[in-house]
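Subject: Structure handover

Hello,

Here is the structure for your records, with the sequence alongside. My notes on what was found follow below.

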Amino acid sequence: MRYGLCCISLDLNQSDIKFQTMTYKRFSSLPRAEALATLGDRILNNLFTTYHIIEYCAAHNYCYRLSSDIFPLITYDKANVSLEDLPNYLEILEEFAELSKLIHSSTVRISCHPSEFNVLASTNLTAVDKTITELNFFSWFMDQIGCEASYNCPMNIHIHNTNGTHQEIISRFMTRYDRLSDSCKQRLVIENDDKLSCWSVSQLIKYLHTPHNIPITFDYLHHSCHPDNLSEQDALESCYLSWGSYRPLFHYSESSPGNNPRKHADYAVNPINTYGLNFDLDFELKMKDHAIQKHSQLFPPCIKVVEKLYN
């Protein structure tokens, strides 16, 4: 099992290798040429940062989840800006090529998890259009940096909608799913939710995977908050089987101390039970790579479990 780093490396942050953002308020306050130049510089910095993080992941045998903040404002309709508008567009394309070379030479598994505001099943058609633009853009970016258009490089989202019956929601979801690019559809996987009013593993298997064959991402913490009468082992195994011949990429976190069990902890303090299955696992702990390092020291990778599968 390989552990996955999500978006940010705290180790690299200490060396001032970090992402930059730009708000629409700041962008719109500048003369257009200056705004485009500033935005372009920040996007190029974010691509350099992504390159260094993937190098770091390669050195530690981690998977890597791309940050959703690499391209501030590019899919924001009010900004009305595309990459081609940026004065350093050719440098950006060159960095795409460098990322592609690195990914192919390092074999780091790349994924992405667009923000919670992407809701294909929404009843708000404007929100749906924005979601399709965002998902298609990120899939296009993954294409540009050489990521395989398959579940080996998954794009993970939630259903994030409870407006209607389960069948009505999935019907809306699939209608909008058909508007996604082919490469986006070939990557898209759906994650179980942590709220009781939302989508559990058993519901996703029944209403989404079984009729439409879309893989389900198992999130340990979310399942503990919303088990829906399934044991952790049964839920994990159901999600595992939904990936077919592809190696699953699942999510792990633990609850932070306090009254909100859904809040992610800084570090993990418990061993991870894989129930003898072999998959990759993104660490969604707030302390990022430091959390992976600490957990690996507390619980060195369990070779015995893997050996048990083959003997």
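Which strands each supply at least two residues of the lining of the largest cavity? They are strand 3 (110-112) and strand 7 (249-252). Please keep in mind that this is a predicted model.

Cavity

The structure holds one cavity of 30 Å³ or more. The space in the largest cavity comes to about 50 Å³. Its lining is made up of R65, S111, C112, H113, P154, N156, V189, T217, W243, L249, H251 and D282. By type, these lining residues are five nonpolar, five polar and two charged.

The largest pocket holds about 810 Å³ of space. It is lined by 31 residues, and those closest to its centre are R65, H113, E116, H264 and E284. Its lining consists of eight nonpolar, nine polar and 14 charged residues.

For the second largest pocket the space is about 570 Å³. Here 21 residues form the lining, with T75, Y76, S115, F117 and E134 the closest to the centre. Helix 5 (residues 125-144) gives the most to this lining, namely six residues. The division by type is eleven nonpolar, six polar and four charged.

Helices

Helix 3 covers residues 32-60 and helix 4 covers residues 89-106; their axes come within 10 Å and cross at roughly 10°. Angles under 35 degrees count as roughly parallel, and the two helices are therefore roughly parallel to each other. On the helix 3 side, the contact is made by G40, I43, L44, L47, F48, T50, Y51, I54, E55 and A58. Helix 4 brings E91, I92, E95, F96, E98, L99, L102, I103 and S106 to the contact. Of the residues in this contact, twelve are nonpolar, three polar and four charged.

The length of helix 3 can be checked as well. Its 29 residues, at 1.5 Å a residue, should span 42 Å, and the C-alpha atoms at its ends are 42 Å apart, which agrees. The residue that follows helix 3 is N61, with a positive phi near 60°.

Regards

Conventions:
Residues are numbered from 1 along each chain as its sequence is written. This is a predicted model: local features need pLDDT of at least 70, side-chain atom pairs count only at pLDDT 80 or more; totals for chains, interfaces and linings use all residues. Side-chain values use heavy atoms; hydrogens and water are left out. Axes are lines fitted to C-alpha atoms, for helices over the stretch in contact, and angles run from 0 to 180 degrees between N-to-C directions. Helices (H or I, at least four residues) and strands (E, at least two) are DSSP runs, numbered from the N terminus. Angles under 35 degrees count as roughly parallel, over 145 as roughly antiparallel, 65 to 115 as roughly perpendicular and the rest as oblique. Contact means heavy atoms within 4.5 Å. Ala, Val, Leu, Ile, Met, Phe, Trp, Tyr, Cys and Pro count as nonpolar, Asp, Glu, Lys and Arg as charged, and the others, Gly among them, as polar. The expected span of a helix is 1.5 Å times one less than its number of residues. On a 1 Å grid over the protein atoms alone, a cavity is a set of points where a 1.4 Å probe fits but cannot get out, and a pocket is an open set with protein on both sides within 12 Å along at least five of seven lines; lining residues have an atom within 4 Å of a point. Grid points are joined across faces, edges and corners, and a volume is the space filled by probe spheres set on the points.
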